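Please read the following account alongside the sequence and the three-dimensional model.

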Amino acid sequence: MKNWSGTVTFQDAQSHSPATVDELAKIVAKEGKIRARGSAHCFNAIADTNAVSVTFENMSQEIVIDKDRAIVTVPAGMKYGELAVALHDRGWALHNMASLPHISVAGAIATATHGSGVGNGNLATAVRGLEIILPDGNIKTVTSQDPDFTGFVVGLGLVGIVSNVDLAIEPTFNVEQTVYRGMSREIYAANLDEIMSLAYSVSYFTTWAAAGGGEVWAKFRSGVNAPAGLFEAYPATSNRHPLPGLNPEPCTEQMAVSGPWHLRLPHFKMEFTPSAGDEIQSEFFVDRKDAPAAIAALEKIAPQINEILWVTEIRAIAADNLWMSPHYQRDSIGIHFTWKKVDAAYEIVKVVEAVLAQFKYRPHLGKVFSASPEYLKSVMPKMDDFVKLVQQIDPENKFGNTFTDNLLGR
Ligand SMILES: Cc1cc2nc3c(=O)[nH]c(=O)nc-3n(C[C@H](O)[C@H](O)[C@H](O)COP(=O)(O)OP(=O)(O)OC[C@H]3O[C@@H](n4cnc5c(N)ncnc54)[C@H](O)[C@@H]3O)c2cc1C
């Protein structure tokens, strides 16, 4: 089996797909090394193992809503797209979605997967509780009352195998999506705060070509009117795909047509393959106030980037308190690269990292990056505490793999 991009061949010696939490707990107790896997959408080997993997497709897909507390309990392996439909049918919503709905809830929160919006934390910030299986097979509930709760949430699969997740929900809402075409990087960078604050969720798509404008994808909550123009950019007159020239059919409805949150906040529809398919992704987060300077610094290597780029997407993510979140206590701008699937992508990533190091970038841990544990420790203030928490929960390193050993320098 391979990951979604086909760039990592999983080395599992054995795999289990339990149907109940009790069955999962027994498997965890019995096995030596064991690693949880969601929908395998990460671009690196974080979900790999050369021992035993456990997957969640046979587990219940039932959700339980606590209306009084506005919390939904979700089975770990459920896909966001399925959860969203179940919530909307009952009159509820999540605060945000990633660009695609195909990913599992536990897998997404384990890497701090995010959408966009200056006021929106990443998807893991909606977590209010976790049911986890400990290395000995005991089941533990971790809630926000737990002193280390904010260490458990973005857990990288290392602080227990998650069986159920409690997420904050709100009454369902509608969104209208407008794409503005013809926004140059120069104008965008000069007005970044204003543009990213324009709507509930805003993405800027661009290549790094010298000429030609990018696009602003603005997702307004219904009731807020989209302006007729945005600096030099104007609303598209037909649906767009984020990748220049591609058919927009896989994309969620645009043209300011109002629709439920889950059919507008992701860029891609559940029933289609998202993005280019043939690609590698990486993403680096900088402090929002440093973003214009970071973009200016990247301009110097624009031709190099552009040689192997499908597209760049720039998004905003609100600061949080989750230890391994790249948005920890920092209102962030994510500068994302969808690379062509070529070996040179792994080399250009190092060049981009060298340029962004002056801004103390933090990488998306589910995408391609090359930062050393020493660098990560220097920019992620809670990494040492996370290593201690992992050591305390899993002293035998039952849940780790080569990738996480390298990541944490264990
Ligand atoms: C086309 C495409 C678009 C993307 N768009 C975005 C985007 O908009 N925003 C963004 O932030 N990222 C995005 N990503 C990256 C991706 O969504 C995340 O990295 C996410 O973690 C993948 O979730 P998954 O379910 O596939 O997890 P996997 O890749 O299967 O696993 C990821 C991690 O989660 C752990 N895990 C999985 N299940 C459990 C469990 N039950 N208990 C404990 N740990 C568990 C694994 O051990 C591993 O460490 C995109 C990826 C693709 C392919």
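M255 is located in the loop between β14 and β15. In this predicted model, the residue has a positive phi of about 55° although it is not a glycine. Its surroundings contain 14 C-beta neighbours inside 10 Å; because a residue needs 20 or more to be buried and 12 or fewer to be exposed, M255 counts as partly exposed. F231 also has a positive phi, of about 50°, and is not a glycine. Its place is the loop between β13 (214-221) and β14 (234-235). With 16 other C-beta atoms within 10 Å, F231 is partly exposed.

Another loop residue, L265, lies between β15 (259-260) and β16. Is L265 buried or exposed? There are 28 other C-beta atoms within 10 Å of L265, so this residue is buried. Leaving aside neighbours within four places in sequence, L265 is in contact with N96, M97, G115, V175, S201 and K219. N306, 41 residues away from L265 in sequence, is 27 Å away in space, C-alpha to C-alpha.

The strand β17 (residues 309-317) is mostly covered, since nine of its nine residues are buried. Which strands pair with β17? Strand β12 (residues 201-206) is joined to β17 by four bridges, and the two run antiparallel. Within this pairing, F205 stands opposite E313 in β17. Strand β18 (residues 332-340) is joined to β17 by eight bridges, again in an antiparallel arrangement. Here L309 stands opposite W339 in β18.

Strand β18 also takes part in covering helix α9: what covers the buried residues of this helix includes β16 (279-287), α7 (291-299), α8 (302-307) and β18. The helix α9 comprises residues 344-356, and at 1.5 Å a residue its 13 residues should span 18 Å; the end C-alpha atoms are 19 Å apart, which agrees. Which residues of α9 are buried? They are A345, I348, V349, V352 and L356. These residues cover an arc of only 115° around the axis, and therefore lie on the same side of α9. The face turned away from that buried side carries the exposed residues A344, E347, K350 and A354.

The ligand is surrounded by 33 residues, of which the closest are G38, G107, A110, G157 and G366. The elements that give two or more residues to this shell are β2 (34-36), α3 (105-110) and β9 (161-168). Among the contributing elements, α3 gives the most, with four residues. By residue class, the shell divides into 18 nonpolar, 13 polar and two charged residues.

Of the elements that contribute to the shell, β9 has seven of its eight residues buried, so it is largely enclosed by the rest of the structure. Which strands are joined to β9? Five bridges connect strand β5 (residues 71-75) to β9, and these strands run antiparallel. In this pairing, the bridge partner of T73 is D166 in β9. Strand β7 (residues 127-133) is joined to β9 by six bridges, also antiparallel, and the bridge partner of E131 is N164 in β9.

Strand β2, another contributor to the shell, contains I34. I34 is buried, with 22 other C-beta atoms within 10 Å. Not counting residues up to four places away in sequence, I34 touches V28, A51, V52, V54, K398 and F399.

Methods:
Residues numbered from 1 in each chain as written. Predicted model: local features only at pLDDT ≥ 70, side-chain atom pairs only at ≥ 80, totals over all residues. Pairing = 2+ DSSP bridges. Expected span 1.5 Å × (residues − 1). Arc of directions from axis to C-beta. Contact = placed C-beta atoms within 7 Å. Near = placed C-beta within 6 Å. Nonpolar A, V, L, I, M, F, W, Y, C, P; charged D, E, K, R; others polar.
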